Structure formats: structure tokens, C-alpha cells
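Hi everyone, thanks for coming.

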Amino acid sequence: MRFPAFLLLTTAIQAAGLAGSDEFRAAEAALADGLPEVAGVKAERLLQRQTWTRAEVRDLATFAAEAWARARSAEQVLKLAEAHDLHEESFWRAQALVLRGDLAEAREELVSSRETRTPKARLLLAQILTALGEHDAAPEELEPLLEQGTAEERQHARLLLAEIDIAGGRLHAARQNLDALADPADPVAGLLRTRCHLLAGEVKAARESLQGVLDATRGGERNHHAAAVLMAEVLLLEKLPEQAWEHLIKHLDSAAVSSMWTEAFNLLDRAWLARPEPRSIPEPVLAWILRGNTAQQTPATSPALAQAISEFSGHAAFICARWLVAQERDLEATGLLESLLQLHPDHPRTNAALRLAIEIYTRLKADDRALALAEVWRAQFGGETGSTRVDFLAGDIYFRRGDYLQAQDAFQGAANMATTLSERRRALFNAAVAAVQGGDLVLYLGLLAQLEVAGGTQAGTTDSAADLELDKALQAAAGRQDGAEDALRTFLTARPYHPRRVEAQIALAEWMLLASPPRVPEAQAMLDAIQLPANMEKNAATDSLRQRIDYTRLWLREASGDLKAVITEGPAFAKNWPASPLLVDVLMKTASAHFQLEDFASARTQFEIIAKEHPGSPHADSALYFAALSAMSVMSAEGRERALGIWEDLGKKGGPLAIPARRQQALVLRRQGDLAAALKVLDQILATSRLDRETRRLTLCEKAEVLLLNGKKEPKSLEDATKLLRSFLTEDDSLPLLWRARAGFTLATVLHDAGSDAEALEACYDVLRAADTAPPANPAEYLWFTKAGFFGIELLEAAHQWEPAARLAEQIAELPGDRAQDARQLATKIRLAHFLWDGPKPTPPVQPAPAPAETKSEPKAEPKSTPGKKKTK
């Protein structure tokens, strides 16, 4: 295992002409204090001045480049290199390209430069060559540094030479370079000595060397992480997979940011495979997919930490997908791989994830998806390692489809990229078969000749105790109690011929479908395993079992997203079991399927039939509610009128759906522009005695928004909205930030429309001050907080109050969220454009809470169907 690391090489700027500038000294102090972003911004601000000499501008621009290089901002360095003449410009350009990951371009920048190559440039070029695998060329750059370089440069040169020797298997030479170090206790040297020991088979010595690195108090976090990962490899070599597993889990859970995650997760995979059977997917790793590790659960989430969480979660998803494949759970594995590709673009595992997904989809005969992913892979990684496998899988799909021309091309591509003789023979053979099937005999003969060159010519009875055990398990399953699944599985294993075995199988299938997410393949397998005796007596009890089996299969179709099958099988159930107590549930599922497929006309008809033919059912009101939603979705005048009529009836009825129906009614009227009618409906909701607090707050805010819209025609509505919102904001000191921010933003907008910008600004300011003590805790709160903040900035900019506007933007940027970067950039733009960049005054640190998973303030209504959750016996 290699651990390539790029040292950030910097240079001292001799800026004698800038020594008298307080601002430059402040920038130098910021850089010395480890605040390169501050130093870079200060330096670039200084560059805006027109008072510097040409030499001073060059010194200052080079200093800014160093600051941004330390801040790892490649684009800023390149931008400075384009705008200014820098000292050692090719070196800084190459540094930026390395930071951006463009190693080949960085190599070309240094090699083609006409500048005299300084020791720093030589060392950087050697690092690049080593990373590119050009181990013969790298020493040519390093050898001169052993005599001409500074002590630090000599140390780095010897370490890099040792790494090159290790990569080439020259252990004696590597140890000589390590022994010649001026600082032999350097942790990097310890890591390299460990690798020497491992290559020599000296596992005990490797552990001792590695422990010294882990115990060291210097060397940096990256080296410590590398040592921790290498220790896991040592444990695996010592045949201690459990210890390696525990060590890796602890290490991975404790590192918020690391450059060693790929290696660590690869070793975790090896440790899992080395553990004894049966192996399950570990809960800690599954939890990492959702929210990252423990170290990443901090109140303040910076963009860098958010990116780290995304990368870490992607690694966990990929490894779990590999484990699921090992357990022959391909469908579940594709779910994780698809989520990785969608949620974590540009992830280090994207290449491997695409190839694994293509293999699985090919195995599952999901040819369209496999080919689509193959095209994505070729666009991103064509020509890299793995091309053979991707082209081979694509060729197999084309061949099975009868598209022999494309199959030939794919198999030939696989043969051209093959890295082994056996892979090339196999690909050429398949290409030849495709050529024969496609009638291309000339190509066939050519492939046959290539194949020969490649070596192709080589050769029961009822048990009362069991009944009690089953009843207990069924009751636990109905209540979603922990241990229910294990109890049901134990019953099925221990009593394979019990007469009530089918009940346990159905309950277990239902349990799987109620999981989040539903475990559809397992439920399918469980239902397929059900075998009813051919001579089973036909009576009410057996009919109930058959109904439940049919119902659960329908439910499985719904859970798997096969809505067309639901529409087909629902009426069949109704025909076979017209008196079933599950009939209304089935009809609701069928209507819901029409709704989700956007066949709103059919959905409306189905829902209205349910409400008409089963008025006493608990689903009757729900059916009417979604019949109205379906009618609205048809986008016709008749549909809107019918929907409004249904919602009016449900509102008058006063049932559980009365308030949601009224709110839908108000929303439609608002969209139609009938604001007076919408206000009337909202007042009806507010007059409801049993209105819960949150719904009341939401309705008050919606009423104020309607009054705001109505104010464009009737100015008095603005006065009414102002009174309503001021009362709302003052009547409850414990008002959560969500409502305080939403009402504050609406109040600011109302006051602005009324011509009271000073008061509008006050409303925005109050929202930001409220966030000082109760920062946004979810996306909805953050949304309204930023709406108020940015509206306040607009008001200040309109008044040419630039300093307060910049400060307001900086306050928004202090809280984590998707608008923080926008606010930060806006503050910088304002300060630079108006020469205000003196730095914000220190303020007490804000302790924001992380935004949890989505908060749905206005969820899109979807038909609810009973999933079959009931007690069974």
C-alpha cells in the first residue's frame, strides 16, 4: 500500500517595498497565524491600489498566490497568475494544477518552462513524476537537492527517493536513504520503514515501527491516519481479522476529514470478508451512509465538512453494496450504487461503482440500464483500467439483443483494452462469434487470426406450544416490536411442517414490506416460498389465508413500484373476493396507482366509486379528498369546481380531513386570484376551536401573504397584514424561528410595499437577531432566515448603505447552509467594490445547530392506502 502525499511547497517573499504597509504586515500575520484566506483577501485588496511600483505589485501578487495556495484554492492562484507577473510563475501555476488534480498538466508546466528550475520546483516536479509512476525520471530531479537544497528540501528529497525505491522493490536502497535522513524520527520515515518491513515479511518489526508513528505527537493528521490504516493491514497479515475490523471501525468513526478513506474502506472490506460466517451488514456502516461518522456530527457544518461527509457516506455506500453482492442481494446493492452515483457526484468511487452497477444490471438482465451506465462510464473513464470489463458486458447485452454490429465493436474494444492474454482471447472469441452472426465473414477471418496469435487453439401435526409461540410472534409483528422478525424466522426454521406455517410466512413478508425502505426482494422470496397444500379444505379460514396472500402480493407490487401490475391485479382481487374485508384497501391501492401514474381521470373515478359504494368505510373521506386532488390535477374548469365542492363538503362535515380540505380550498382560490374567497376560507380555519398551534401559525402566515397580494389592489389590506403580523410576532415569546422568520420576512415585504423601508429593514434585522440565540435548525427555518437577510441587504443597497449591507451579508454567512457561500461572496463583492475591506469587527461566536433531514412544511399530498398492518393469528 502506497500513501502518496503532496507537500505544499511555499516560498519566502522578499517584499522590502511593502514593509512599511500596515495592511501588508496584517496579511503576513494572518498567514503566520494559519489564516491564508484572510491573508489572500488582504493581499488582493492591496493589489487594487494604484500606488504600488511594478516590483511591489509583483511581490504582492506572489504573496497572494502563496496565501491562496496554502488555502488550497487553485482557481485563485491561477487567476492571479493570469492577471499579474509572479515570481517563479511556472512553479505557482504547477502548484495550483496539483491542487486541482491535473498532474499531467502540472508536469508539462514545469518541464516546458524556460525559468531556471529552483529546488522547490525540482521537488514539486519529482512529487508529480512519482505520483504519475515515472519512477525513473523522478530521481533525476531529486539527486541535485541532496547537495544543493536546504535542510528541509534534503529531508523531503530523501523521503521521496526512499518511496521510489520501495515502489521498485529496492529495499536496501530505500533503507540507506532512510538511515541518511537528518531527522530519522520523522513520522513519514517511520511509515516508509514499516513498508520496508512488510515487503521483507518482517511483520513484527513492522508493527513496532508503526506503533512508534502512532505514538508520536508530531507529523500531522494525515500521517497519523496513514499509520492507523497501515496498522489494520498489519493485523490482517497477522490473521487477526476481528482486531483489524474493530481497529478500522474505531478509526473511521473518529476522523471527520481524511485523505485515507479509500484505503481504509478497502481494508474494511478485506476484514469483513475474513470474518467468520454468517456475516451481516454492520449497523455502524449502514448509519454512516445516512449521516456520516460520529466525528462529523458537529453543530457547525462548513462547506468543507459537508463535502467530507458526502465523500465518507459514498465510501460506506459502495462497500455495503459490495457486501450485498457477496450475499447475493443484487437489487439492494443497485439501490446503494444508484444513490451513490446520484447523491455523490465526482466521488472517488464513481469509476468502481459504475462498473459494479453495470455487472449487476447485466446479471439481472436489466440491459437498458446497464448500457446507459456503460455510456456514462465511457464518457468519464474510457481508456482507464476496467474498460475491458465494461465493453465485454456491453457486448454481451448487444449480442443477446441481436445487435451484432455493436456487439462486435464492444468485444473488439474489450480485446484492445485487455490487460491479460486470457481476457483478450475471450473478447476476440466473442467478437468472432458476433461477426459470424452478423454475416461479416471478412471480419471473422481477421478476428480468427488474432485469436490464434493470442493462443486461442489451447485447450405435521398441530402443537399447542408452537401455536402459542406463533401467536406471540404474530402479535409482536403486528405491533412492530423488536425481535418479531427473529421470532418468526425461528418458528419457520424449527417447525417446517407446522399447519400454520403459511401465517408466519405471510406475516414475515408483511414485516419486510413495512420496513423502511421496503425489503421487496426478500418479501418476494418469502411469498414465492409459500406452498398451500393441493388438498387444502376450502373454508373461511383458508379463504382468509388466500385473500391475505393475494393482498400481500398486490402490496408487494405497490412497494416495488410496479403500479401497472397493481392496476391489473386490483380488479382481479375484487372479482375473486368481493366480500373481503380487505376489498376497500385494495380499491384504494388501485386508485392510488392511477394517481401516481398521473392518470388523474381514472384515479378520480376510482376514488369517487369508493366513496359512493363504501360510505361507511374509514377510507371514505380520504377517497373524497384524493378524488378532489385528482379532479384538480386534470386542469379543467369543471375539475376545479368539483374539487372545491368536495373540499367544501369535507370542511362542513368536520371530520379529520376538514382542515386539510379547507387549506386546499384556500390554496386553489389563491391561485385563481379570488383572494377575498381565500381569506374567507382561512378565517373559517382560524375559527375552528380544535385547531392545533402549528396549523394556526401556518394559517395566520398564509392569511398575511394573501393580504399582501390583495394589497396591490386594496391598500387597506397592507394595514391589516401589518397588524396581523405584528400581533403574531409579539403574542408569543417562545415563537420558533421558522414562524418568526417567515412572519418577519412577510412583514418586511408588506412594509416595503407600503413605503416604510425603515420599518421593513427593522423587521429583517429582528429575524437575524432572533437567529443569534436560536439558529436555524432545519432547512425550512434556514430558508426563511435567508429570505429575510437577503431582503434586508437589498434594502440597504438601495439606500447606498454599503457597510451595513456587507455586515449583514457576513452575519448570514456565519451560519451554515446552502446560501452561506452566496452571502460570503456578496459581502466580499460589496467591500471590494466600495473599498470597505478592513475586515469585520469580532463578534461573539454563533453556535448554529445543524440542519437535520428535510422538514416538509408543505408536503405534496399523496393517496394513503392501508398497508395491511394488522394483528394476525
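This is a predicted model: local features need pLDDT of at least 70, side-chain atom pairs count only at pLDDT 80 or more; totals for chains, interfaces and linings use all residues.

Is Lys239 buried or exposed? Lys239 is exposed, with a relative accessible area of 70%.

Arg480 is another residue to look at here. Arg480 also is not a glycine, and its phi is positive at about 55°. You'll find Arg480 in the loop between helix H26 (464-478) and helix H27 (484-494). Its relative accessible area is 27%, so Arg480 counts as partly exposed.

While we're on loops, let's talk about prolines. The peptide bond leading from Glu277 to Pro278 is cis, and its omega is near -5°. Pro278 belongs to the loop between helix H16 (261-274) and helix H17 (283-291). There is a cis bond from Ser516 to Pro517 as well, with omega near 0°. Pro517 is placed in the loop between helix H28 (501-513) and helix H29 (520-528).

Now let's step back to the whole protein. How many helices and strands does the secondary structure come to? The count is 44 helices and zero strands. The protein has 873 residues, and 48% of them count as buried.

At 1.5 Å a residue, the 14 residues of H34 should span 20 Å, and the C-alpha atoms at its ends are 20 Å apart, so the two agree.

How many of the residues of H34 are buried? The answer is 12 of 14, so to speak a mostly covered helix. Among the buried ones are Tyr625, Phe626, Leu629 and Met632. And what covers them? The cover for the buried residues of H34 includes helix H32 (583-596), helix H33 (600-613), helix H35 (637-653) and helix H36 (658-672). Just after H34 comes Met635, which takes a positive phi of about 65°.

In H32 we find His594. His594 has 10% relative accessibility, so it counts as buried. Leaving aside residues up to four places away in sequence, His594 touches Ile567, Asp599, Ser602, Ala603 and Gln606.

The other is H36, which packs against helix H37 (residues 675-686) at an angle of about 165°, with the two axes 8 Å apart. Angles over 145 degrees count as roughly antiparallel, and H36 and H37 are therefore roughly antiparallel to each other. The crossing of H36 past H37 is left-handed. On the H36 side, the contact includes Ile659, Arg662, Ala666 and Leu669, while the H37 side includes Leu675, Ala678, Val681 and Leu682.

An α-helix has 3.6 residues a turn, so residues three or four places apart point the same way.

Key
Residues are numbered from 1 along each chain as its sequence is written. Side-chain values use heavy atoms; hydrogens and water are left out. Helices (H or I, at least four residues) and strands (E, at least two) are DSSP runs, numbered from the N terminus. The expected span of a helix is 1.5 Å times one less than its number of residues. Buried means under 20% relative accessible area, exposed over 50%, partly exposed in between (1.4 Å probe, protein chains only). Contact means heavy atoms within 4.5 Å. Axes are lines fitted to C-alpha atoms, for helices over the stretch in contact, and angles run from 0 to 180 degrees between N-to-C directions. Angles under 35 degrees count as roughly parallel, over 145 as roughly antiparallel, 65 to 115 as roughly perpendicular and the rest as oblique. A crossing is left-handed if the near helix is turned anticlockwise from the far one by less than a right angle, and right-handed if clockwise.
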